[in-house]
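Me: Please take a close look at one part of this structure, the surroundings of the ligand. I would like one connected account.

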Amino acid sequence: MADTPLAAPTAPTFYFIGVTTRQSSSRKIFPLWMEALGRPEVVWRGIDLPIHAPPEIYRQVVAHIAEQPLALGALVTTHKIDLLAAARDLFDEFGPYARLTDEVSSIAKEEGRLVGRATDPVAGGLSLDAILGAGYFARTGGEVLLLGAGGSALALCLHLLQKPQPGDRPRRIVVVNRSAGRLVRLRQMVEQFDTDIQFDYVQNETPQRNDELLAALPPASVVINATGMGKDTPGSPLTDDALFPQRGVVWELNYRGELDFLRQARAQPSARSLTVADGWDYFVHGWSQVIAHVLHAPIDPALFARLSQLAAAVR
Ligand SMILES: NC(=O)c1ccc[n+]([C@@H]2O[C@H](COP(=O)([O-])OP(=O)(O)OC[C@H]3O[C@@H](n4cnc5c(N)ncnc54)[C@H](OP(=O)(O)O)[C@@H]3O)[C@@H](O)[C@H]2O)c1
């Protein structure tokens with residue numbers, strides 16, 4: 001990418017900025033979605049950049065999207081923080097979540113202005129709400145154990161912090177992360193809110209310690225693997241001896257990979273009555289959020305259901 005400047009698009013183009021974009025299911029699903037949205041002329045184009053690419057590369061990509069009339073916008077994965085840090089001044093406007101999280105996952109054009117948004121709080125939030133249903137925490141008294149404190153964990157905390165109904169907010173969220181820096185960043189975000197949720201921050205990368213944190217949860221608690229372990233890196237943040245809470249909810253944010261954490265949850269005795277979910281709906285929500293911004297095409301629940309169905313067919 002550094003030596004080959006981006007070619008000018010010859011058709012309306014939706015860019016996908018990632019690391020190994022050709023392996024994403026989105027490449028196959030995108031044309032089906034464009035058909036369903038009545039925009040079959042829009043093409044998908046992946047831009048692969050190394051993790052933590054040089055700032056100049058991010059600036060070239062953002063400038064290309066800004067300057068090319070046929071470049072409609074982009075979905076950004078992995079580079080959400082670095083791209084914004086390198087190219088902040090090339091944007092005309094940011095959505096409120098981009099400012100709060102300091103990352104950009106959606107690049108759209110609105111009346112000539114380049115607009116950056118963070119979509120994880122909405123996409124992750126919609127997925128979590130669908131898994132839990134309304135008033136979950138009031139109904140069950142469950143708490144939340146969030147393994148990992150990266151971008152998606154921060155987005156989920158933001159979502160729960162902003163829940164207007166007390167019954168949709170857990171009494172306590174325990175966040176575990178390997179490095180201290182991510183916990184500090186999360187705490188700084190949480191401290192911007194006046195909240196009744198108790199946050200406990202635990203710096204740890206030992207699976208046995210995570211098992212202990214799991215064992216201390218009340219029944220019906222929600223356990224989320226946001227570490228990337230089981231896809232980005234091997235293994236699980238828990239040991240095979242971990243016992244999930246009775247009637248608990250187990251959510252693995254990924255839908256592909258070895259998914260060891262998901263396997264551990266599915267291997268629990270059926271008497272524990274767990275609800276176990278993967279990250280497929282999160283993936284579809286994430287894409288549909290960005291497509292709605294870039295194509296200026298609102299996606300209502302019925303249309304989302306259709307897009308989800310089309311995606312499932314090529315999963
Ligand atoms: N289905 C979807 O559409 C979807 C959407 C969003 C995210 N995801 C997936 O969810 C995962 C997390 O995404 P993200 O954006 O939040 O990633 P991220 O920003 O890289 O965060 C991962 C965090 O987990 C921590 N971590 C890694 N191993 C750990 C361990 N053993 N114990 C404790 N903490 C550990 C990392 O700590 P350090 O600070 O030490 O590195 C990092 O802070 C990724 O695999 C991503 O693919 C899926």
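Reply: A helix axis here is a line fitted to C-alpha atoms over the stretch in contact, and angles between N-to-C directions run from 0 to 180 degrees. Helices are DSSP runs (H or I, at least four residues), numbered from the N terminus. The model is predicted, so local features need pLDDT of at least 70 and side-chain atom pairs pLDDT 80 or more, while totals for chains, interfaces and linings use all residues. Residues are numbered from 1 along each chain as its sequence is written, and side-chain values use heavy atoms, without hydrogens and water.

The shell around the ligand has 22 residues, and S152, N177, S179, D232 and N254 come nearest; a residue is near if one of its heavy atoms lies within 4 Å. By class, six of the shell residues are nonpolar, eleven polar and five charged; Gly counts as polar, and Asp, Glu, Lys and Arg as charged.

Several polar contacts (pairs of N or O atoms within 3.5 Å) can be listed. S152 places a polar side-chain atom 2.6 Å from a ligand oxygen. A polar backbone atom of G151 is 3.1 Å from an oxygen of the ligand, and one of L253 is 2.8 Å from a ligand nitrogen. The ligand alone exposes 930 Å², of which the protein buries 80% (Shrake-Rupley method, 1.4 Å probe).

Two helices, α7 (151–161) and α11 (280–295), each give the shell at least two residues. The axes of α7 and α8 (residues 180–190) come within 11 Å and cross at roughly 20°, so these two helices are roughly parallel (under 35 degrees). α5 (residues 120–132) packs against α7 at about 70°, with axes 8 Å apart; α5 and α7 are therefore roughly perpendicular (65 to 115 degrees).

Conventions:
A polar contact is a pair of N or O atoms within 3.5 Å; within protein, one must be able to donate a hydrogen and the other to accept it, and residues adjacent in sequence count only if both atoms are side-chain atoms. Angles under 35 degrees count as roughly parallel, over 145 as roughly antiparallel, 65 to 115 as roughly perpendicular and the rest as oblique.
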